[in-house]
Amino acid sequence: MLENEIKDFWQTHPCGAELVGDLTDETIDEYEHFFERYDRYRYTKEPHILDQLDRMDLKGKRVLEIGIGQGADAEQIELRGGIYSGVDLTDEAVKRVKTRFAIKARKSWERVEQASALDLPFDDSSFDLVYSFGVLHHIPEIRHAQAEIARVLRAEGRLYVMLYAKRSLNYMLSISIARRLGLLAMYLLGIKGEGIYAAHLGNARPLGIMQYLRMSNFIHVSTDGPHNPYSKVYSHSDVERDFPDFEIVSVRKEFMHAPPLPVSWLPLARLLGWHLMVELTPRKKT
Ligand SMILES: C[S@@+](CC[C@H](N)C(=O)[O-])C[C@H]1O[C@@H](n2cnc3c(N)ncnc32)[C@H](O)[C@@H]1O
């Protein structure tokens with residue numbers, strides 16, 4: 001898969017913007033209001049992100065974030081005393097994060113740049129900590145990315161990632177069964193639908209519905225919208241396989257999320273949550 005296709009998608013669909021209403025212009029006022037509603041929405045819906053940042057020992061540490069999105073977590077890392085650098089595949093994310101730091105007058109950051117996880121523009125052993133939330137499962141060459149991360153991390157450093165969880169209600173019930181059956185029924189009954197349903201049925205037309213709904217295809221279009229080019233889900237053993245330069249320190253699941261099923265009230269996040277929160281450390285070289 002071409003990295004350019006993935007880059008075009010994120011450049012034109014800045015992460016999570018459609019959930020709160022994207023920027024309508026580039027005035028300071030508009031940015032301020034956007035960041036406020038984006039952060040409120042993010043941390044109300046996914047409070048485990050702040051819990052995760054609180055668990056990390058950030059004060060005075062050199063931190064690299066990969067896949068910076070709207071910069072909400074960048075600001076939180078900086079507020080907790082991390083000396084922040086961040087990269088993203090898209091110019092749009094870089095512009096938003098630099099604007100955020102400027103508006104909020106945050107000073108404790110070093111570099112925010114357009115770059116790929118596959119070719120990090122940093123020297124070996126530059127960081128104490130690398131953080132990447134909801135990003136690495138969108139990179140087909142993830143083993144190459146993890147090798148780059150191992151290179152820029154100090155030997156005793158830590159990598160914190162959120163990957164989509166395979167043993168989750170979202171993957172096992174919503175994506176694999178409910179959404180596929182729903183789309184098949186709409187297709188067979190000739191219902192056109194609206195919004196994402198209409199987009200899925202439009203995508204399915206050139207491929208044929210059965211081909212479109214094969215899990216090897218459907219997973220990509222079922223996590224971050226019907227136009228997302230690439231996604232993957234992870235179990236504990238998949239993490240071991242795709243992060244050969246790391247040892248796993250801890251794994252836990254968070255976030256009851258399985259749209260369109262109303263599951264957020266279920267107390268089952270640790271068992272069937274959608275976010276696999278993984279802490280890793282570079283494997284000792286022998
Ligand atoms: C789902 S968003 C997550 C953004 C942010 N971490 C968050 O939680 O909102 C994925 C982000 O990763 C970036 N991305 C995708 N592939 C990348 C790569 N190879 N290197 C760096 N960033 C990448 C995208 O441009 C996008 O901003």
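Of the 286 residues of the protein chain, 36% count as buried, a residue being buried if 20 or more other C-beta atoms lie within 10 Å of its own, exposed if 12 or fewer, and partly exposed in between, with C-beta atoms placed from the backbone. The model is a predicted one, in which local features need pLDDT of at least 70 and side-chain atom pairs count only at pLDDT 80 or more, whereas totals for chains, interfaces and linings use all residues. Residues are numbered from 1 along each chain as its sequence is written.

The protein chain contains 13 helices and 7 strands, these elements being DSSP runs numbered from the N terminus (helices, H or I, at least four residues; strands, E, at least two). A compact globule of 286 residues would have a radius of gyration near 19 Å, and the value of 19 Å for the protein chain agrees with this; the radius is taken over C-alpha atoms, and the globule rule is 2.2 Å times the number of residues to the power 0.38. Along the principal axes, the C-alpha atoms fill a box of roughly 60 × 50 × 40 Å. Among contacts between residues at least 6 apart in sequence, 66% join residues at least 24 apart, a contact requiring that the C-beta atoms of two residues, placed from the backbone, lie within 7 Å.

The protein chain is divided into domain 1 (3-167 + 233-282) and domain 2 (172-218), with bounds that come from an automatic or database domain assignment. The centres of the two domains, taken over C-alpha atoms, are separated by 29 Å, and 4 residues of domain 1 are in contact with 4 residues of domain 2. On the side of domain 1 that touches domain 2, the residues divide into 3 nonpolar, no polar and 1 charged, where Ala, Val, Leu, Ile, Met, Phe, Trp, Tyr, Cys and Pro count as nonpolar, Asp, Glu, Lys and Arg as charged, and the others, Gly among them, as polar.

The largest nonpolar core has 55 residues, and those with the most contacts inside it are Val63, Val130, Leu159, Leu163 and Leu276; such a core is a set of buried Ala, Val, Leu, Ile, Met, Phe, Trp, Tyr and Cys residues joined through C-beta atoms within 7 Å. Strand β5 (residues 153-164) gives the most to this core, with 7 residues. Leucine 159, which lies in strand β5, counts as buried because it has 25 C-beta neighbours inside 10 Å. When residues up to four places away in sequence are not counted, leucine 159 touches Val130, Ile149, Leu153, Phe246 and Leu280.

The ligand is surrounded by 21 residues, the closest being Trp10, Cys15, Gly67, Gly69 and Ala117, where a residue is near a molecule if its C-beta atom, placed from the backbone, lies within 6 Å of it. Both α1 (3-12) and β2 (83-88) supply at least two residues of this shell, whose residues divide into 12 nonpolar, 7 polar and 2 charged.

Most residues other than glycine have a negative phi, and most peptide bonds are trans. Serine 125, in the loop between β3 (109-114) and β4 (127-133), has a positive phi of about 55 degrees and counts as partly exposed, with 13 C-beta neighbours inside 10 Å. Phenylalanine 255, in the loop between β6 and α13, has a positive phi near 80 degrees and counts as buried, with 22 C-beta neighbours inside 10 Å. Proline 260 is also found in the loop between β6 (246-254) and α13 (269-272), and the peptide bond from proline 259 to proline 260 is cis, with omega near 10 degrees.
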